[in-house]
Amino acid sequence: MSVLPAATSHILCREFHQKHHSTQFWSNGCGLILPKNSGFLVDLKNRDWKKISRRDLRAEAFWTNLSGPTTVEMEPINDSDHLDQILAHATEISQPILIDWMASWCRKCIYLKPKLEKLGAEYDNMVKFYCVDVNKVPQALVKRGNIQLWKDGEMKEEVIGGHKAWLVIDEVREMINKYV
């Protein structure tokens, strides 16, 4: 029985599982692992161990925010007129927009898109997320490139997405937080 720190929980969980591979475990999703036959429950608020019987055990799930979506699909931009309409509307309502310039054949772009959609859920009502497939729009439009944040009709900042996805997401999050 142990409480695992968040940063190394996957490593400790794997080691714990290898040592006790024949035992079934309960996990509360927050790093607590107990053998199913232990009959103990932890009250994390009070750090209190309680002996319980199996019939009294209830499973609970904890989410940080149930009111919003977990991902937001990025709206595609198909031509320069559509981009101009989006920029004009964003200027009217004074809302920042994020545009991901991607290629459908690019592995890093494909890998990054769902992560940006998940990030879009964090900023659901504050920033609108769009994507442009550079193979489907005129070349004149493509010269704008990368992941860009637009506010008040002008590009404020951009992130080049060629490195590791988690670094790109962190940079994009920092960029959004500057303008939200």
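**Structural briefing**

Across the whole structure, a search for aromatic pairs returns 0. The model is a predicted one, and its chain of 180 residues has 31% of them buried. The secondary structure consists of 5 helices and 10 strands.

- Of the contacts between residues at least 6 apart in sequence, 60% link residues that are at least 24 apart.

**Rings and charges**

- Although the search for aromatic pairs gives 0, lysines are placed over tyrosine rings at Y111 and at Y130.
- K115 lies over the face of Y111, at 4.4 Å from the centre of the ring.
- K128 has its charged end over the ring of Y130, at 5.6 Å from the ring centre.

**Cysteines**

- The number of disulfides in the structure is 0. In general terms, a disulfide is a covalent bond that joins the sulfur atoms of two cysteines.
- C106 has a relative accessible area of 17%, which is under the 20% limit, so this residue is classed as buried.
- C131 has a relative accessible area of 6% and is therefore buried as well.

- An open sheet is formed by 5 strands in the order 6-8-7-9-10, with mixed pairing.
- Strand 6 (75-76) and strand 10 are at the edges; each has a single partner strand, so one side of each has no neighbour in the sheet.
- As a general point, the strands of a sheet pair through backbone hydrogen bonds, in either a parallel or an antiparallel sense.
- Strand 7 and strand 8 (residues 128-133) are paired in parallel, with 6 bridges between them. In this pairing, W101 has V132 of strand 8 as its bridge partner.
- Strand 7 (residues 97-102) also runs antiparallel to strand 9, to which it is joined by 4 bridges. Here D100 stands opposite I147 of strand 9.

- The pairing of strand 9 with strand 10 (residues 154-159) is antiparallel and comprises 5 bridges. K151 has E154 of strand 10 as its bridge partner.
- The hairpin of strand 9 and strand 10 has 2 residues between the strands.
- D152 is located in the loop between strand 9 and strand 10, and its relative accessibility of 42% makes this residue partly exposed.

**Positive phi values**

- In general, most residues other than glycine have a negative phi.
- D152, in the hairpin described above, takes a positive phi near 55°.
- S94 likewise has a positive phi, near 55°, although this residue is not glycine.
- With a relative accessibility of 44%, S94 is classed as partly exposed.

**Loop residues on either side of strand 6**

- M74 belongs to the loop between strand 5 (48-51) and strand 6. Its relative accessibility is 1%, so M74 counts as buried.
- Beyond its neighbours within four places in sequence, M74 contacts D100, K113, L116, E117, F129, Y130 and C131.
- M74 and C131 are 57 residues apart along the chain, while their C-alpha atoms are separated by 5.9 Å.
- N78 is in the loop between strand 6 and helix 2. A relative accessible area of 49% places N78 in the partly exposed class.
- When residues up to four places away in sequence are not counted, N78 touches K136 and V137.
- N78 and V134 are separated by 56 residues in sequence and by 9.2 Å in space, taken from C-alpha to C-alpha.

Methods: Residues numbered from 1 in each chain as written. Predicted model: local features only at pLDDT ≥ 70, side-chain atom pairs only at ≥ 80, totals over all residues. Heavy atoms only, no water. Buried < 20%, exposed > 50% of the residue type's maximum accessible area, 1.4 Å probe, protein only. Contact = heavy atoms within 4.5 Å. Pairing = 2+ DSSP bridges. Disulfide = S-S within 2.5 Å. Phe/Tyr/Trp six-rings, centres within 6.5 Å; stacked < 30°, edge-to-face > 60°. Lys NZ or Arg CZ within 6 Å of the ring centre and 35° of its normal.
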